[in-house]
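Subject: Structure handover

Hi,

Here is the structure I promised to pass along.

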Amino acid sequence: GGKQSKKENSFKDYIACAEFVTGTHPSSHSFFLTKSPKPKNEKMMSYTNPSLLCASGSSAGGLLLGAVANMRPDLFAAMIMKVPFVDVMTSMVDPSLPLTIHEYDE
């Protein structure tokens, strides 16, 4: 899961996906993930590269991208964060903000 105390799992999963499509993840050498190690002469498979990879997210997706941008700035060429929910503590104690009950649980 990627909620509450395990939120960091969401960030690491997103990074792993970006690494996979850019061929920088250790398992990117094979379409089918196997336990066998990559042969030394086998080229890593990739669909794009970090200089072309962009990400977009809004609200909680903006939080995800904000964390990922700080953890792996080398992995993305650009990020579009629309209304990012990045200041969680200040937002949660401000009763004038129109947050939903679902967001309080997060």
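This is a predicted model: local features need pLDDT of at least 70, side-chain atom pairs count only at pLDDT 80 or more; totals for chains, interfaces and linings use all residues.

Residues are numbered from 1 along each chain as its sequence is written, and side-chain values use heavy atoms, with hydrogens and water left out.

The core

The largest nonpolar core has 11 residues: Phe11, Ile15, Ala18, Leu53, Ala55, Leu64, Leu65, Ala67, Val68, Leu75 and Phe76. (A nonpolar core is a set of buried Ala, Val, Leu, Ile, Met, Phe, Trp, Tyr and Cys residues joined through side-chain atoms within 4.5 Å; buried means under 20% relative accessible area, exposed over 50%, and partly exposed in between, with a 1.4 Å probe and protein chains only.) Helix H1 (7-22) and helix H2 (60-71) each supply at least two residues of this core, and the largest share, 4 residues, comes from H2. Helices (H or I, at least four residues) and strands (E, at least two) are DSSP runs, numbered from the N terminus.

Helix H2

In H2, the buried residues are Gly62, Leu63, Leu64, Leu65, Gly66, Ala67 and Val68. Their cover includes H1, strand E1 (54-59) and E2. Leaving aside residues up to four places away in sequence, Leu65 touches Tyr14, Ala55, Ser56, Gly57, Met79, Ile80 and Met81; contact here means heavy atoms within 4.5 Å.

The salt bridges

There are 3 salt bridges in the structure, each one a side-chain nitrogen of Lys or Arg within 4 Å of a carboxyl oxygen of Asp or Glu.

Glu8 pairs with Lys12, with the closest N and O atoms 3.5 Å apart. These two are 4 residues apart in helix H1, so about one helical turn separates them. Glu8 is partly exposed at 42% relative accessible area, and Lys12 is partly exposed too, at 46%.

Arg72 forms a salt bridge with Glu19, the closest N and O atoms being 2.4 Å apart. That pair links distant parts of the chain, 53 residues apart: Arg72 sits in the loop between H2 and strand E2 (78-84), and Glu19 in helix H1. Glu19 is buried, at 14% relative accessible area.

Arg72 also bridges to Asp74, with closest N and O atoms 2.8 Å apart; Asp74 is partly exposed at 49%. Through shared partners, Glu19, Arg72 and Asp74 form one network of salt bridges.

Best wishes
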